[in-house]
Amino acid sequence: MSSEDTPKDYSESPINLEYFYTAGSATTRFLNQVKEGNIVGQACPKCKAVYVPPRGSCPRCGVATDIEVPLTDKGCIESFTVVHIPIPGNPIVPPYVCAMIRLDGSNISFLHLIQEVEIEEIRIGMRIQAVWKPKEEWTHSLENIKWFAPIDEPDVDVATLRFQES
Amino acid sequence: MKKVAIVGYAQHPILKNAGALNEVELIMPVVHQLFNDLGISQKDIDFTCSGSCDYLQGAAFAFVEGLSAIQTHPPIKESHVEMDAAWAMYESMLKIQMGDAETALIYGFGKSSPGDLDAIISLQMDPYYISPLWPDRVSLAALQARVLLDQNIITPEQMLATVIEARANSKNNKNALITDLIDESNYLNNAMVSSPLNQLDCPPISDGSSAMIIASEEKAYEFTDHPIWIEGIDHRIESSNLGSRNLATSKTLQASMNQLNFKNIKFDVAELHTQFSHELPFLKSLLNLQDIPVNLSGGPLVGNVMMCAGLDAIGKTYEALKENQFTHGLAHATSGPCLQHNMLVHLEAQK
């Protein structure tokens, strides 16, 4: 059998598409504040839930979150995981901790890193605060926050953080 | 077949580039407008179905994010088609026929501005033999235009007339993107994109969204005094292998015409999802629509939101029946290269 006759059970067909991505007008307002070192969530005018980062709408109510809510950079760990697998191109050396961060006064959590603490000590409900990069490095990104680090405050019972309809 | 009616339709102004507005921010205004016009809320909707294409956004499961525009608490029944929202309307129609819903909200959305539409659309082709060649949508349309011209099924004059008329008709559509008029010399001096199609024969890159509500006979009159009835709906598809198709006709469209009993209907108005200028005279002759107003809204040549333009043809037919003394309307939606997949919808206003 010549090589042309050899059955082939797959073919490669690489796809590369480029996009000009836009964050949306609500997220743009949020990122403009992040550039200045402020975290400003957005509240739903109907159910009052506070979203950070805001995506433009309250997915419960289907309306625009047009109420700006300045937030602190303090909160607690709602959940976390210890990452042991190195990811190509990622400068952080495993093991490290990724956590769902629930900022005070908000109703959803977002993903960020936890550092400046022994992994064994990290727990759900632990109080934490943002550690910011130097001001001159700030851009339109939550990467302006290097990571979150524990602060000396009593743990929070995360069960109490469940969204209560007003 | 259970009687089902269109009770409302809303369209976002078609934009060349929605800029910072994301898809959710495009969908919310049309859904809210529809609810406000009818004085209802998501609680009155039994089934929600959307049409969109994740490749347009360049994000897997992007359609799920689209749902953030809809009130989903308490939980709703919903579905999605990776197709033009005309097919989301078809799925909703089936849902009502099966007795699973009495009312349905349909929405479609698409931003063509962020990516390379030619490259994106070529990915809908057969992944083994055609997509790796990255054929662009205009060149594929041009293949069919060339066949139709060579066989004298259409003429270059008809293509020119289609372009001029679409722009003249754009005055009937407050959401049209292209509204400037052109004359013959503008057209003839326009550079070819893919022979025989020049820039003006092709639809504009468009961003936007649309929404529609349909309801069973029992519910329709609760929403409006003037429902427009869906008397017939049928969709069929040609082979995915371009080489095995006769591009000069469409057996599947003819089958749909028979299914909808076209011989016995005198249509008063039609809106066709004809994205390229040659497609309008071709379908007019195939569907026997020579003597009636077609694409009074200007059609896709004055605004062509991907994944919406088919639903818009249905919506514009609905509007034409509602606002004029017409009784029978025909809407057409299409998908795939060279009018591969077609849907026909027969709408009727009861006077």
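**Exercise 1.** How far apart do the C-alpha centres of domain 1 and domain 2 of chain A lie, and which residues does each domain take in?

*Solution.* Start with the bounds, which come from an automatic or database domain assignment: domain 1 of chain A covers 19–71 and domain 2 covers 73–161. The C-alpha centres of these two domains lie 20 Å apart. This is a predicted model, in which local features need pLDDT of at least 70, side-chain atom pairs count only at pLDDT 80 or more, and totals for chains, interfaces and linings use all residues. Residues are numbered from 1 along each chain as its sequence is written, while chains are lettered from A and ligands numbered from 1 in the order in which they are written.

**Exercise 2.** Describe the side of domain 1 of chain A that touches domain 2 of chain A.

*Solution.* Two residues are in contact if their C-beta atoms, placed from the backbone, lie within 7 Å. The contact takes 14 residues from domain 1 of chain A and 16 residues from domain 2 of chain A. Next, find the elements: helices (H or I, at least four residues) and strands (E, at least two) are DSSP runs, numbered from the N terminus. Helix 1 of chain A gives the most to the domain 1 side, with four residues. Last, sort by class: the domain 1 side has ten nonpolar, three polar and one charged residues. Here Ala, Val, Leu, Ile, Met, Phe, Trp, Tyr, Cys and Pro count as nonpolar, Asp, Glu, Lys and Arg as charged, and the others, Gly among them, as polar.

**Exercise 3.** How many residues does the contact take from chain A and from chain B?

*Solution.* Chain A gives 21 residues and chain B gives 26 residues. On the chain A side, nine are nonpolar, nine polar and three charged.
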